[in-house]
Amino acid sequence: MAEKILVVEDEPSLQETLIYNLEKQGYSVEAAGDGRAAIEAARRIAPDLIVLDVMLPELDGFEVCKILRKEMTVPILMLTARDNEIDRVVGLEVGADDYLTKPFSMRELMARVKAQLRRTGMLREEMAKLKIPETDSPQEVLTLHNLKINLTRREVLLDDQVLALKPQEYDLLLFFAQHKGQMLSREFILERLWGWDYTGDSRTVDVHVRWLRQKIEKEAGEPTRIVTVRGGGYRFEG
Ligand code: CA
């Protein structure tokens with residue numbers, strides 16, 4: 001079955017170009033022209049990926065992203081006209097998975113779309129390999145001292161308290177847990193988790209590690225769980 005992509009773009013000519021090119025690649029495409037329609041469409045079709053413009057009527061892309069993030073784990077690729085660090089950080093903060101700055105080439109867009117879909121496909125395969133049902137019981141729990149990762153519910157408990165983790169933080173923590181004791185370079189983490197190649201901004205990894213440390217370390221400034229390997233990357237000690 002063709003993967004479903006929801007395109008959210010208010011500019012008619014760009015929306016049309018996106019639909020045309022994505023359909024040509026064999027995806028099944030649905031489009032929305034404003035933020036409210038986007039949320040409605042996402043709930044209705046449960047897409048495999050969302051291409052989301054930031055500047056939209058009704059609700060902007062950040063708001064749409066924030067709302068959908070609470071409901072689904074679908075990868076979100078944001079389109080922005082403004083190329084600056086603040087937008088990027090805001091986008092990551094509301095839970096976007098990747099970014100493209102306008103103007104971009106269709107070729108670049110297709111590469112990002114494929115990378116995101118490959119990443120979710122890979123995570124699904126890894127889940128299947130671990131024989132973890134995606135929904136219903138029995139629940140699989142990974143225990144690391146006072147940290148419990150409930151793989152079925154995608155929920156993390158620290159000292160039996162539920163931690164509010166964003167999807168990327170959860171994915172990152174699970175990735176660390178699956179590679180406990182191994183040195184993981186920023187590039188490797190980026191490639192496996194975000195589907196970016198090494199030219200991607202590896203500071204993205206640092207940002208997420210910082211947030212994760214604030215949530216799971218006793219002293220975020222002196223981490224003992226996620227340790228920095230000088231000149232290398234990170235190592236998860238458990
Ligand atoms: Ca727009």
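Student: Quick one to start: does Asp53 count as buried or exposed?

Tutor: Asp53 counts as buried, because its relative accessibility is 3% and the cut-off for buried is under 20%. Keep in mind that this is a predicted model.

Student: Okay, and which protein donors does the calcium ion have?

Tutor: Asp53 is one of them, through OD. The others are Asp10, also through OD, and Met55, through O. These donors lie 2.0 to 2.3 Å from the calcium ion.

Student: How are those donor residues spaced in sequence?

Tutor: The pattern is D-x42-D-x1-M.

Student: Switching topic. How many residues are in the largest nonpolar core, and which have the most contacts inside it?

Tutor: That core has 27 residues, and the ones with the most contacts inside it are Ile149, Leu173, Phe176 and Ile189.

Student: Which elements give two or more residues to this core?

Tutor: On the strand side there are β7 (147–150), β8 (155–158) and β12 (233–236). The helices are α6 (167–178), α7 (186–194) and α8 (203–216). Helix α6 gives the most, with seven residues.

Student: And what about a second core, which residues does that include?

Tutor: The second core is separate and has 24 residues, including Ala32, Ala42, Ile50 and Phe62.

Student: Back to Leu173. Where does it lie?

Tutor: Leu173 lies in helix α6. Its relative accessibility is 0%, so Leu173 counts as buried. In soluble globular proteins, nonpolar side chains tend to be buried together.

Student: What is Leu173 in contact with, leaving aside its neighbours within four places in sequence?

Tutor: With those neighbours left out, Leu173 is in contact with Leu147, Ile149, Val156, Leu165, Leu212, Ile216 and Phe236. Take Ile149: Leu173 and Ile149 are 24 residues apart in sequence, and their C-alpha atoms are 8.8 Å apart in space.

Conventions:
Residues are numbered from 1 along each chain as its sequence is written. This is a predicted model: local features need pLDDT of at least 70, side-chain atom pairs count only at pLDDT 80 or more; totals for chains, interfaces and linings use all residues. Side-chain values use heavy atoms; hydrogens and water are left out. A nonpolar core is a set of buried Ala, Val, Leu, Ile, Met, Phe, Trp, Tyr and Cys residues joined through side-chain atoms within 4.5 Å. Buried means under 20% relative accessible area, exposed over 50%, partly exposed in between (1.4 Å probe, protein chains only). Helices (H or I, at least four residues) and strands (E, at least two) are DSSP runs, numbered from the N terminus. Contact means heavy atoms within 4.5 Å. Donors are N, O and S atoms within 2.8 Å of the metal (3.2 Å for Na, K and Ca); water is not among the atoms, so sites may look incomplete.
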